[in-house]
Amino acid sequence: DEEIEKIVLYFIIFEKEPLQIEEKDFTTTRNKLIANAINELRKEKQDVSLIKVKEKIKRNQQQVLDYLTTLGDNVYGMTAEVAYNQLKNLTKKRDIFELAKKIIVNVPDKDNADIYVQDCIRELNQITNNKSIESKSITDQVVDTLNEIQNNWQNRGDRSLYTGIYDLDDLTGGLHNKE
């Protein structure tokens, strides 16, 4: 699902979520390029941002920038954990499907069925053992929400105006009176 892929990329780039992704998690060429750029930036210990990702992808800079700015279009109502778990679930389904195709092709050539079954089970276990993000318990979510409400109440005098440009808002805390 390309929309889930875009949402995960949005959370990594704009919300700075530390989600671990691989190229195989993505189905479209554009999203694979972005995922590779993100992983390269992480290997180089650089900040993952819109501009850095755009710079890593060498071709069609304006098209890449236009695409990156649309990543968050369908994020509403979705959390990073839910999107990431859905992405990883889709990856597992693709991996299982590929394994099933490989099994069908290789079965006639195998002499010992028992050994082949064990090999197939081992590969299937490798697919299913990839961990996804554990969702927070309801208690942790309630505590986080209460802390956020308390923080908002204490900062209620703040009359910030957010621009919608996420990097600018993160750096400035939004615009304030007489700014």
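What percentage of the 179 residues in the protein chain is buried? I found that buried residues make up 27% of the chain, where buried means under 20% relative accessible area, exposed over 50%, and partly exposed in between (1.4 Å probe, protein chains only).

I noted that this is a predicted model, in which local features need pLDDT of at least 70 and side-chain atom pairs pLDDT 80 or more, while totals for chains, interfaces and linings use all residues. Residues are numbered from 1 along each chain as its sequence is written, and side-chain values use heavy atoms, without hydrogens and water.

**Elements.** I looked up the helices and strands, which are DSSP runs numbered from the N terminus (helices H or I, at least four residues; strands E, at least two). The protein chain has eight helices and zero strands.

**Contacts.** I took a contact to mean heavy atoms within 4.5 Å. Of the contacts with a separation of 6 or more, 58% join residues 24 or more positions apart.

**Aromatic rings.** I applied the rule that rings of Phe, Tyr and Trp (its six-membered ring) pair if their centres lie within 6.5 Å, with planes under 30 degrees apart stacked, over 60 edge-to-face and the rest tilted. The count came to two aromatic pairs. The ring centres of Tyr10 and Phe11 are 5.4 Å apart and their planes lie at 70°, so I recorded this pair as edge-to-face. Both Tyr10 and Phe11 are buried. Together with Phe14, Tyr10 and Phe11 form one aromatic cluster.

**Helix α7.** I located Ile149 in helix α7, which covers residues 138–154.
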